[in-house]
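Student: I should like to take a close look at a single part of this molecule. Please guide me through it with care.

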Amino acid sequence: MGPGLLAVVAPASAALRHVDVAIDAAGGGGNRTYSYAVPDGLADLADGEAVLVEFGRRQAVGIVLGPGEPPPGVAAKPIAGRVRADGPLLPPLALRLARWIADHYLAPPSLVLRAMLPPGLLERLELIAERRPGDPPDDLAAVERDLLDQLERGPRPIRDLVMADGRAALVRRLRTLETRGLVTLDWTLQAAGAGPRFARWIRLTVAGRASARAVAAGERPAGRPLGPRQLGALADLLVGPDDGVPGTGLADRHGTGAVAGLARRGLVEVDVRERPRRPLARRP
């Protein structure tokens, strides 16, 4: 009997929806998935989403692979909760590919899925606390009022909150505040732990803006003549944001040599900026 099943013999309800879940945990069941029941509160759960499930005597992160079958003679455990992310972690085609790889090579489904996700993503599971709108009631304890004050500027991982009585007491206080409708608590996958990337941004200098305006007016800019690609880059920068445009796109359109030539003549400035990694930001 797998860890996703209750040791109670009962007929499965035909109306209850079941899903196959790949368990991402040490000893996660080997080369198989587990069937879990979907409670009414998670009726909109989609394939590819991360969930919390009861696995043995602990909670573990799992990924929904698709529809599951009710296990014969036993009642499946319900999914404990949804893990918030910006949509399913993988699209349907990738999920089908993961199933095929796991079946064909007898590989644990969770390891196959890990290989398809951004490195370290599943390790960044955080319990996020967020204050709900409204004034706190007058009978609120001082320590609970302090927790609400710490959440005043927005959602925060509970590990960043400060309370003298320790983490277990902190979680109990937050659960009490959640019951009273003062905060929301959600398990959330944060961005993957890879370091930031850096990108070049190009913006016009004062002299460059004057030259670009002269070209736009049909006049010849001061100094040595500019090539067609350099003139095109100046035109793009003139109509773009004042703080500049990404250097990669500008170079793709007009050539790296044209941008470098404008920089040597003091018509543009090159600024290196941090570009945070958001591996799931553009997933549908």
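Student: What is the strand order of the open sheet of five strands, and how does this part sit among its surroundings?

Tutor: The model is predicted: local features need pLDDT of at least 70, side-chain atom pairs count only at pLDDT 80 or more, and totals for chains, interfaces and linings use all residues. Residues are numbered from 1 along each chain as its sequence is written, and side-chain values use heavy atoms, with hydrogens and water left out.

The order of the open sheet is β2-β1-β4-β3-β5, with antiparallel pairing. Strands here are DSSP runs of E with at least two residues, and helices are runs of H or I with at least four, each numbered from the N terminus. Two strands pair if DSSP finds at least two bridges between them. At the edges are β2 (34-37) and β5, each of which pairs on one side only.

Let us go through the pairings. Strand β1 (residues 18-24) is joined to β4 by six bridges, and the two run antiparallel; Asp24 has Val61 of β4 as its bridge partner. β4 is also joined to β3 by six bridges, again antiparallel, and Val53 stands opposite Ala60 in β4. β3 and β4 form a hairpin with two residues between them, and Gly56 in the turn has a positive phi of about 70°. Two bridges connect β3 to β5 (residues 81-82), an antiparallel pair, in which Leu52 is partnered by Gly81 of β5.

β3 is mostly covered, since five of its six residues are buried. Buried means under 20% relative accessible area, exposed over 50%, and partly exposed in between, with a 1.4 Å probe and protein chains only.

A nonpolar core is a set of buried Ala, Val, Leu, Ile, Met, Phe, Trp, Tyr and Cys residues joined through side-chain atoms within 4.5 Å. This core has 20 residues, and those touching the most other members are Ile63, Leu89, Leu90, Leu113, Leu117, Leu122 and Leu189. At least two residues come from each of β3 (50-55), β4 (58-67), α1 (92-105) and α2 (109-116), and α1 gives the most, with four. In soluble globular proteins, nonpolar side chains tend to be buried together. Beyond its neighbours within four places in sequence, Ile63 is in contact (heavy atoms within 4.5 Å) with residues including Val21, Gly48, Leu89 and Leu122.

Consider next the helix α1. Its buried residues are Ala94, Leu95, Ala98 and Ala102. Seen down the axis of α1, the buried residues fall within an arc of 105°, so they line one face of the helix; the arc is that of the directions from the helix axis to the C-beta atoms. What covers these buried residues includes β4 and α2. On the other side of α1, Pro92, Leu93, Arg96 and Asp103 are exposed. Just after α1, Leu106 takes a positive phi of about 55°.

Finally, consider confidence. pLDDT is the predictor's confidence in each residue, from 0 to 100. The protein chain has a mean pLDDT of 83, with 87% of its residues at 70 or more. Over residues 1-13 the pLDDT is below 50, although this stretch has 34 contacts in the model beyond near neighbours in sequence. Where pLDDT is low, the predicted coordinates should not be read in detail.
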